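This report describes selected local features of one protein model. The sequence and the structure are shown first, and the description follows.

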Amino acid sequence: MCSSSVIYGHKVDLIAMLDTTVVQEFQEIVGTNHALQEEALTATYTADWTGRFQGKSPMVLRPADTSQVSELVKLAARAGLSIVPQGGNTGLVGGSVPLNEEIVISTLRMDHCEPVDVLAQQVTVGAGTTLANAQAHVSPFNLDIGVDLAARDSCTIGGMIATNAGGINVVRYGPMRDQLLGIEAVLSDGSIISHLEGLEKDNTGYNFPGLLAGSEGTLAIITKARLRLHPRLNERCSAMIAFKTVDDAVVATSQLRRTLPALQAVEVIFGEAMSLVSDHIGASVPVGLGSQAWLIVEVAAANDPTDQLANAIDDLGPLAADVAVGLDTATRNGLWEYREKITEAIATQGTPHKLDVTLPASRLSEFVNEVPSLISTVDGQATAVMFGHLGDGNVHVNILGADGNEPDEGVDDAVLNYVAELGGSISAEHGIGTAKREFLHLNRTEAELAAFRAIKRGLDPRGILNPNVLLPPEDS
Ligand SMILES: Cc1cc2nc3c(=O)[nH]c(=O)nc-3n(C[C@H](O)[C@H](O)[C@H](O)COP(=O)(O)OP(=O)(O)OC[C@H]3O[C@@H](n4cnc5c(N)ncnc54)[C@H](O)[C@@H]3O)c2cc1C
């Protein structure tokens with residue numbers, strides 16, 4: 001793989017070339033309206049959702065279909081240009097923006113959904129389809145996409161595959177990788193691989209969907225995906241349960257997972273996050289003011305699962321300090337608002353460092369209780385805002401510095417080392433991106449990193465696909 005300095009040095013000359021032949025060739029492929037160069041037009045593609053990672057790009061290209069992506073990649077490869085693939089640009093680890101003046105290939109125009117295959121319960125969609133549009137496309141057939149998350153109106157199926165997105169229903173359906181039955185993608189030499197038949201059983205060699213899930217744009221540009229669909233479960237009931245201690249919430253989560261066959265989601269909001277989000281949405285804490293943790297539990301089934309949830313909550317006994325139940329859509333949405341608006345509420349406070357981690361169940365409460373004091377030893381003015389998907393052991397640790405500034409860089413190091421010490425993962429669902437690549441060694445051995453590099457070299461020998469993410473620079 002090329003080192004980043006070589007790629008960068010290479011590019012300085014080539015940017016000059018972009019003014020002439022290369023620009024024209026790019027324009028011919030996608031049309032001048034979709035080859036953006038002016039900074040006013042490229043700005044939304046070069047800064048990430050959090051505002052923490054900002055880059056620059058000589059050109060943002062918006063292809064209409066797979067063959068245009070292939071032509072763009074061939075041209076970029078010939079010209080020695082590096083590429084950042086981008087979907088909805090909602091990623092939270094800085095992986096979707098051009099940090100070293102790469103060109104950006106945006107998939108947003110590739111949003112065609114093919115007819116739903118009701119017989120097989122599958123659908124093929126363009127990589128640029130937003131999650132919300134994919135959900136709307138399959139819902140008339142009483143079918144649903146297995147992954148759901150709060151960025152659904154903007155995040156794309158291609159981006160969700162590239163990050164192996166998790167979200168709120170992993171406890172039932174698994175992450176994005178588990179939804180994939182086939183993939184189409186453009187490799188770094190412009191060749192197209194396409195395997196979209198959607199056969200449930202197909203042991204004909206290496207599994208490209210599995211390999212590309214979580215590859216963060218470093219191995220190929222995903223152009224289409226064949227997704228497994230699930231029966232849409234219209235009968236739903238949600239509850240918010242308050243707990244006096246984090247440990248009580250962890251024990252209750254385990255019990256609910258054992259006793260609730262219709263369990264669809266178990267989300268958690270810890271103290272600081274609850275006060276921030278209730279201020280943000282202008283509402284009071286619905287139950288258990290002063291508690292340390294709140295679970296939002298949702299059950300979904302073909303027949304009304306309310307009694308199932310009520311019995312399971314009864315069985316929690318004194319573990320549950322207080323409960324609010326949402327039976328109809330309006331009250332259910334009201335409870336979910338506290339969970340879904342947290343990321344937005346944090347963004348109003350400044351630019352956080354977002355650490356998305358998984359802990360073994362047995363170490364979860366110890367971690368959540370220790371993190372605030374651990375952070376204060378590094379940055380006395382930093383605050384930790386924590387929430388997450390407790391059903392999967394996934395905690396989002398958002399660290400805000402004083403007065404909206406970023407916290408001291410050392411907080412990432414302290415928290416991620418602590419995660420590794422407790423046997424957890426430094427990235428649960430957001431990926432490694434650029435934010436965490438220097439920490440990858442905490443979870444991956446030298447042998448694993450060598451195998452990663454061999455795969456990268458094999459599929460992208462010039463290192464032109466998203467060179468700033470996932471793998472640490474070789475000299476680090
Ligand atoms: C409010 C909010 C809530 C969120 N909640 C969750 C959550 O619950 N769970 C979760 O997992 N994430 C969550 N996220 C993070 C984010 O939405 C996901 O990571 C999502 O999968 C990114 O999709 P995207 O289309 O925006 O990808 P982008 O941000 O555009 O890109 C993300 C990465 O994928 C690569 N990429 C994008 N498209 C392609 C493609 N077609 N081919 C190859 N590589 C590609 C990019 O290069 C980049 O490395 C949340 C974000 C926000 C803002």
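## The loop between E16 and H14

Aspartate 408 lies in the loop that runs between strand E16 (394-400) and helix H14 (410-421). The model is a predicted one. With a relative accessible area of 39%, aspartate 408 is partly exposed.

Although aspartate 403 is not a glycine, its phi is positive, at about 50 degrees. Most residues other than glycine have a negative phi.

## A further positive phi

Glutamate 101 also has a positive phi without being a glycine, here of about 60 degrees. Its position is in the loop between strand E3 (83-86) and strand E4 (103-106).

## The four-stranded sheet

Four strands form an open sheet in the order E1-E2-E4-E3, with mixed pairing. Strand E1 (35-36) and E3 are at the edges and have a single partner strand each, so one side of each lacks a neighbour in the sheet.

The pairing of E1 with strand E2 (residues 60-61) is antiparallel and comprises two bridges. Alanine 35 is opposite leucine 61 in E2.

## Salt bridges

Side chains of opposite charge can pair when their charged atoms come close. The structure contains 18 salt bridges. One of them joins the side chains of arginine 152 and aspartate 148, at 2.8 Å from N to O. Arginine 152 counts as buried at 19% relative accessibility, and aspartate 148 counts as buried at 14%.

Another salt bridge is formed by the side chains of arginine 236 and glutamate 298, at 2.9 Å from N to O. Because arginine 236 belongs to strand E10 (residues 235-243) and glutamate 298 to strand E12 (residues 293-301), this pair ties together parts that are 62 residues apart in sequence. Arginine 236 is buried, with a relative accessible area of 18%, and glutamate 298 is buried, with 7%.

Arginine 453 makes a salt bridge with glutamate 474, in which the closest N and O atoms are 3.8 Å apart. The pair connects distant parts of the chain, 21 residues apart: arginine 453 is in helix H15 (residues 446-459), and glutamate 474 is in the segment after H15. Arginine 453 is buried, at a relative accessible area of 16%, whereas glutamate 474 is partly exposed, at 45%.

Methods:
Residues are numbered from 1 along each chain as its sequence is written. This is a predicted model: local features need pLDDT of at least 70, side-chain atom pairs count only at pLDDT 80 or more; totals for chains, interfaces and linings use all residues. Side-chain values use heavy atoms; hydrogens and water are left out. Buried means under 20% relative accessible area, exposed over 50%, partly exposed in between (1.4 Å probe, protein chains only). Two strands pair if DSSP finds at least two bridges between them. A salt bridge is a side-chain nitrogen of Lys or Arg within 4 Å of a carboxyl oxygen of Asp or Glu.
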